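These exercises work through one protein chain. Each has a task and a solution that goes step by step.

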Amino acid sequence: MLYLYGMQIHRIPHTTTQRLPDLASRVVSADPALAGFYRPYANRPDAAHVQQQQKRFTTQQRQTLKEVLTAQYHHIKDAPTTQIDSLLSPKSFTITTGHQLNLFTGPLYFLYKIIDVIKIANQWNALQDGNTYVPVYWMASEDHDFEEINHFSVNGQSIHWSSEQQGPVGRLSSEGLGQVLEVWKQHLGDRPHAKELQDLFAQSYVAHSNLADATRFLVHQLFGRYGLVILDGDNPKLKQEFIPHLQRECEEQLIQKGSEITVKKLNDVLQTKMKTQVNPREINLFYMGESGRQRIEKTTTGYGVVDTAISFSKQELIKEIKSYPERFSPNALFRPIYQELILPNLVTVGGGSELAYWLQLSAVFSSFDLPMPMLKLRSSILLIGDKQQQKIDKLDISIADLFLPTNELINHRVRQISNIDIDLGEFKAHLDQQFGALYALAKQTDASFLGAVEAQEKKQKKGIDRLEKRLLKAQRIKLTDHVRRMTELQQQLFPMGDLQERRVNFAEFVLQYGDDFIPFLIKHIDPNEKDFMCFSL
């Protein structure tokens, strides 16, 4: 049972954690320089935006979306029929997040993104403004980076799925996942809640023939009761709507041109050279054929599919797009256009890197005559167990300090708790004063001595620096036990030096708290929070 009495909540500003890309930090802080580049998230819908989407998204598009979702849920008994049917209404809109098809959900932040869209939809529906808001998880089923999704980690044990399959991951056969389950069973043993996790894995992966169906079932089991709708964009009917945009990208290179325009404007207003999160290509499309999912590029004679013998003239490519749009897959920069085209969407929730590349797309959305959704940074959470909180209290350490790199944390804490003053800043200031007088004296007597004074100053200051480092090292040795316990605690909360949410799987907490874990997250995660949230369980 997950008891909440006495639970502590700590808020750490993202500026303190130093874990966000610069652009995402500016979004969180509502930097006025970014006004006009995106639609900032608000805690209620924007009436003009709602009307814009209501006018743009046609009755036929709604009917197609409903048909596709109904077909994709055909094998799920308790499908979210009410939410799917509601999308037929011109007053129904979506709140969306997208993510890869990570094995058994992958890291924790996958859950946090989904919970954000659920909570936003709940909060907006509570406004009773006459509209319906539906939370949507967009499965990145066309991604082909198998190595990024074929594993998950529980209690420091990494569970891997080995397969030679290639192509869009959603289409991959679930063959071999039965063996993964057997390996995991050995790690789980007979711990509490191990059986329910094993059953969930088997029902999701062993009982379904491909990764898209398996992932849909798994996520539905976790979040279906909260009204989440799961959409797979790898669908011929949805790709039919995408045909004009596919054609324009091939003929006009709108992604590259628009992204470059936006990045230049961002550089100008921010007075810096922005690090581009995703570099646009001349053609931002993949071709999905028998050999997998390969990039399309322009050639001297037309278009070619990289690492294959497939080639097209311009006329042949346009014909292929019109005849078989399902064979064409957008890359990371083009995918947001596809998403916003086929959904009546108002908000997109993403991580810091996702927001950074969405910000490259301001001019691109204009080129395709599509409204940009509100952009919302996903919630970030650090979960601190009871024993870990006891250690934090006993060590009398700030949770914010635990976000520091390990060496900085050690030096910072040693300075704090040392019984001697190992900060020699006062001596350095005294040296500055003394050498200031020497410089003045040298200028009055013989300016040729200035170089000698400068050399002596550097030598003395280096000596003080060396002494300070030796004192710090000596104190670190003296405080070895405190340093050891502190670094062990940090490693528990920040595995491999990374954020917990990027390394740890939800199963680790289900093993401790059972079925109460996800309801706990649903209750306590608030998408309106702008800080990094730390929950002491």
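**Exercise 1. Overall make-up**

What percentage of the 537 residues in the protein do buried residues make up?

Solution. The model is a predicted one, in which local features need pLDDT of at least 70 and side-chain atom pairs count only at pLDDT 80 or more, while totals for chains, interfaces and linings use all residues. Residues are numbered from 1 along each chain as its sequence is written, and side-chain values use heavy atoms, with hydrogens and water left out.

Step 1. Apply the cut-offs: buried is under 20% relative accessible area, exposed is over 50%, and partly exposed is in between (1.4 Å probe, protein chains only).
Step 2. By these cut-offs, buried residues account for 53% of the 537 residues.
Step 3. Count the secondary structure from DSSP runs, where helices are H or I with at least four residues, strands are E with at least two, and both are numbered from the N terminus. The protein has 22 helices and 16 strands.
Step 4. The C-alpha trace spans about 90 × 60 × 50 Å along its principal axes.
Step 5. Take a contact as heavy atoms within 4.5 Å. Among contacts between residues at least 6 apart in sequence, 77% join residues at least 24 apart.

**Exercise 2. The nonpolar cores**

Find which residues of the largest nonpolar core touch the most other members.

Solution. Step 1. A nonpolar core is a set of buried Ala, Val, Leu, Ile, Met, Phe, Trp, Tyr and Cys residues joined through side-chain atoms within 4.5 Å. In soluble globular proteins, nonpolar side chains tend to be buried together.
Step 2. The largest core has 137 residues, and those touching the most other members are Phe104, Trp184, Phe223 and Leu383.
Step 3. Helix 6 (residues 109–125) supplies the largest share of this core, eleven residues.
Step 4. Leaving out residues up to four places away in sequence, Phe223 touches Leu111, Ile114, Ile115, Ile118, Leu228, Ile518 and Ile522.
Step 5. A separate second core has 21 residues, among them Val414, Met486, Leu493 and Leu499.

**Exercise 3. Salt bridges**

Count the salt bridges, then describe the pairs Lys237 with Glu67, Arg327 with Glu320, and Asp481 with Arg484.

Solution. Step 1. A salt bridge is a side-chain nitrogen of Lys or Arg within 4 Å of a carboxyl oxygen of Asp or Glu. The count by this rule is 20.
Step 2. In the bridge between Lys237 and Glu67, the closest N and O atoms are 3.3 Å apart. Lys237 belongs to helix 10 (residues 236–252) and Glu67 to helix 4 (residues 59–72), so the pair ties together parts that are 170 residues apart in sequence. Lys237 is partly exposed at 46% relative accessibility, and Glu67 is partly exposed at 33%.
Step 3. Between Arg327 and Glu320 the closest N and O atoms are 2.7 Å apart. Arg327 is partly exposed at 28%, whereas Glu320 is buried at 12%.
Step 4. Asp481 and Arg484 meet at 2.6 Å, N to O. Both lie in helix 20 (residues 480–493), three residues apart, and are separated by about one helical turn. Asp481 has a relative accessible area of 40% and Arg484 one of 38%; salt bridges with shared partners join Asp481, Arg484, Arg485 and Glu488 into one network.

**Exercise 4. Backbone details**

State where Ala30, Met496 and Ala442 are found, and whether each is buried, partly exposed or exposed.

Solution. Step 1. Ala30 is in the loop between helix 2 and strand 2 (39–40). Its phi is positive, about 55°, although Ala30 is not a glycine. Ala30 is partly exposed, at 48%.
Step 2. Met496 is in the loop between helix 20 and helix 21 (507–513). Phi of Met496 is near 55°, again a positive value in a residue other than glycine. At 71% relative accessibility, Met496 is exposed.
Step 3. Ala442 is in helix 18 (residues 425–445) and is buried, at 4%. Its C-alpha atom is separated by 8.0 Å from that of Val453, eleven residues apart along the chain.
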